[in-house]
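User: Could you take a close look at the strands of this protein and walk me through how they pair?

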Amino acid sequence: MPPGHGRVVQTPAQRVTFKVTGTHSRMASTFEVEVPPGFDVGAHLHTRSEELFYILEGELDVLAFEPRIRTPDNWQKWESSSGSRVVRATPGTVIVVPPGCPHAFANPTETPAKMFFQASPPPDHELYFEELLEILGDGGPPDQEAIEALRAKYDIEQLTPLKHR
């Protein structure tokens, strides 16, 4: 897939370019995701899916561990029983998230970030992105009930809310 190619779905909250889909691979879907300033995916987990994030540009706050306490907001303050905390991921950082592991990312900076994102197995994340970006397409505040129902449909247990400016 050459640079600049792939099907794009975009809203004010996120831009996702589909690079490898379930029609190409039985192993994983691959996306290029642009994360605007102020976007917070919210802490969540998947019981079946495994994910990989590779930061290409910008910086993201990233969580990928089971916290001592799953508070319903502000995952950026979570800490694991071994002392792990949220990290600031910069270009070249890789995050691997096994099934069942709480994880999140947010762009706390004023500069867009870009990441390579892979989800296995396909095509759940492809379908999820299409439907999520429809919900976020109006540019208003996120409809948390609609997002929660969508995430439940695609093996995503939401732990804290999705947010964007």
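Analyst: What follows describes the open sheet, then a separate strand pairing, with a word on confidence along the way. The model is a predicted one, and the protein has an average pLDDT of 91, with 99% of the residues scoring at least 70.

The open sheet is built from 6 strands, which follow one another in the order β1-β2-β3-β10-β5-β8 with antiparallel pairing. Because β1 (7-10) and β8 (94-97) stand at the edges and each has a single partner strand, one side of each is left without a neighbour in the sheet. Going from one strand to the next, the twist averages 20°.

Strand β6 (residues 60-64) is where confidence is highest in the protein, at a mean of 98, whereas helix α1 (residues 124-136) has the lowest, at 84. In strand β9 (residues 103-106), the side chains of His103 and Phe105 point one way while those of Ala104 and Ala106 point the other way, and all of these residues are buried.

Notes. Residues are numbered from 1 along each chain as its sequence is written. This is a predicted model: local features need pLDDT of at least 70, side-chain atom pairs count only at pLDDT 80 or more; totals for chains, interfaces and linings use all residues. Side-chain values use heavy atoms; hydrogens and water are left out. pLDDT is the predictor's confidence in each residue, from 0 to 100. Helices (H or I, at least four residues) and strands (E, at least two) are DSSP runs, numbered from the N terminus. Two strands pair if DSSP finds at least two bridges between them. Axes are lines fitted to C-alpha atoms, for helices over the stretch in contact, and angles run from 0 to 180 degrees between N-to-C directions. Buried means under 20% relative accessible area, exposed over 50%, partly exposed in between (1.4 Å probe, protein chains only).
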